[in-house]
Amino acid sequence: MGKIEKNYEKLSFQTRAIHVGNKIDKETKAIKRPITMGNSYELPYDPSNLNWSSADGNLYTRNGGSNQQYLQERIKSLENGEDCIVLASGVAALSGLFFALLESGDHVIFSNVTYIATYRLLNELFNKKFNVQTTIVDTSDSKAVKDAIRPNTKLIHIETPGNPTLSISSIREIAKIAHENDALLSVDNTLASPFNQRPLELGADFSIESLTKYINGHGDSMGGSITGKKKYLDIIRQQSQVNLGAAISPFNAWLIMRGCVTLPLRMKQHNENALRIAKFLESLPIVSFVSYPGLKSHKNHEIANSQMVPGFGGVLSFGLNTNHETHNKFVSNLNLITSAVSLGHDESLIVFIGENDERQYLYFEEFHNGFFRLSVGIEDADDIIEDIKQALKKIGLL
Ligand SMILES: *Cc1c(COP(=O)(O)O)cnc(C)c1O
C-alpha cells in the first residue's frame, strides 16, 4: 500500500487485493516490499526473557517471517477475518487446524466430498491415532448434519464446492447447527476463493484456502491459509506453525502475494468461462451429466446462488456415456487442456477420476461410472470449447 496505510477496510475487494500488505520499502524506497530470505532476526539487547516459541514479531522465520506476515494481512482482509495464518500448503492449514483444535474423545463431522488429504487425515489418522471420533456426512443435506451431532461434537468441517464432485453445502444453515450445539464450523473455501464466497461472513468460524490454487493462480507455488478469530488462531499458530513447523517459505509467500493481485480479474474470467463450458457440455448428447453450481440443473443451485456471489468458480465435473478406455483416449486427444492434478491455475487442467476410485461410494450415483474434473482456465473460452470438440470428434463421439 503506497500512502494509504489506514482505513483500507473501506476499499473494495479488488483494490485491497492489490494494496493490502504492500508498502514502500523504507530502506530502498522500492514500491514493492522485498523478499526477505534471512531466517533469523537480530535479538534485543537482553534476550534472556524472550519466549523462544513466540509467534509475535520477527525472531525466526518458522515463528513468523516478514513475507508471511504481509501475505497474512492481505488474506485476512480478503476473507474479512479477525486474524490469519499462512502456512506451507493447503494441507498444512487443514492438518494444522485439526491438530490444534481436536482432543482425543472429540467428535468431528465432515463432508463426504472433500480433498483427499482431508479424508485421510480425519478418516485414517486422527481417528485411529488420536482417538478422535469421525462421521462422514452428505453435508449437502443440512438435516443430515443435524442428525449426526453428538454431545461431544467439537468441529464440523465442510468443503463447498466440494472437490471433486462440486457438491454444495449451506454454510449459513450448518453454521447455525454448529453454534446451537457448541461446535465450530470450518469451511474449505478453495474451490470458490474469497472473491466468490466468504465463509466468515456467512457464519463459519474458519475459512481455509489452499493458496496453491486460485489465490496464487499461476501454478507455480504452494501455500495454505486459515482465517478466523484470533483466540483460536493464536493456539493454531503456536501449536501447528511454531511447533509442528509447517512454515511457508518467504519466496512462496512473495509469489502468492504477487499472483493474488489479479485474483479478482482472473476469477471474473474463470466464472464466465466455466459457466459457458458447463452449458456447452450440457448440450452434448454424449455427456451423461455436468456438475457445476452455476447450472440450474445442479441439485443445490439455489444454495450456491445464495452464498456464492458474484460467481461459481472455474471447476466443474462431467461424465461421458462411454467406456473406461475412451475416457483416457479423450484426454490424450486434448491439445490445449492439460491432464494434471491441481486446479485454479491460469491454464485449463483435467483429471479423469475412474470408476474404481476408493471414495466413489461417497458420491452421488452419476459419478459411479468415472468422471472428469475440469478446472477451466482463463484462456479464451472459444479455444477451450474447440479443443473439447476436436478431441471428441477424433474419437468418434461428436
Ligand atoms: C488442493 C486442495 C487442498 C490442498 O492444498 P495443497 O496446497 O495442495 O496442500 C485442500 N483443499 C482443496 C479443496 C483443494 O483443492
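What distance separates the centres of domain 1 and domain 2, taken over C-alpha atoms? The centres of these two domains lie 27 Å apart. The structure is a predicted model, in which local features need pLDDT of at least 70 and side-chain atom pairs count only at pLDDT 80 or more, while totals for chains, interfaces and linings use all residues. Residues are numbered from 1 along each chain as its sequence is written, and side-chain values use heavy atoms, with hydrogens and water left out.

Domain 1 covers residues 2–260 and domain 2 covers residues 263–394; such bounds come from an automatic or database domain assignment. The contact between them, meaning heavy atoms within 4.5 Å, takes 45 residues from domain 1 and 41 residues from domain 2.

The size of an interface is often given as the accessible area lost when the parts come together. Here the two domains bury about 3500 Å² between them, and 56% of that area is on carbon and sulfur atoms. Buried area is the accessible area (1.4 Å probe) that two parts lose on being put together, summed over both. On the side of domain 1, F195, N196 and Y214 lose the most area to domain 2, together 22% of what that side buries.

Among the elements that give two or more residues to the side of domain 1 that touches domain 2 are helix 5 (116–130) and helix 7 (171–180). Helices (H or I, at least four residues) and strands (E, at least two) are DSSP runs, numbered from the N terminus.

One salt bridge is found across the interface of the two domains. A salt bridge is a side-chain nitrogen of Lys or Arg within 4 Å of a carboxyl oxygen of Asp or Glu. R120 and E358 form a salt bridge whose closest N and O atoms are 2.5 Å apart.

The structure holds 11 salt bridges. In helix 6 (residues 142–148), D147 and K143 are four residues apart, about one helical turn, and their side chains meet at 3.0 Å, N to O. D147 is exposed, with a relative accessible area of 54%, and K143 is exposed at 55%. For these classes, buried means under 20% relative accessible area, exposed over 50%, and partly exposed in between (1.4 Å probe, protein chains only). In helix 9 (residues 230–243), R237 and D234 stand three residues apart and form a salt bridge of 3.9 Å between the closest N and O atoms. R237 is buried at 11%, whereas D234 is partly exposed at 35%. Salt bridges that share partners join D83, K230, D234 and R237 into one network.

A cis peptide bond joins N163 and P164, with omega about 15°; P164 lies in the loop between strand 4 (153–159) and helix 7. Another cis peptide bond joins V309 and P310, with omega about 10°. D182, in the loop between helix 7 and strand 5 (184–188), has a positive phi near 55° although D182 is not glycine.
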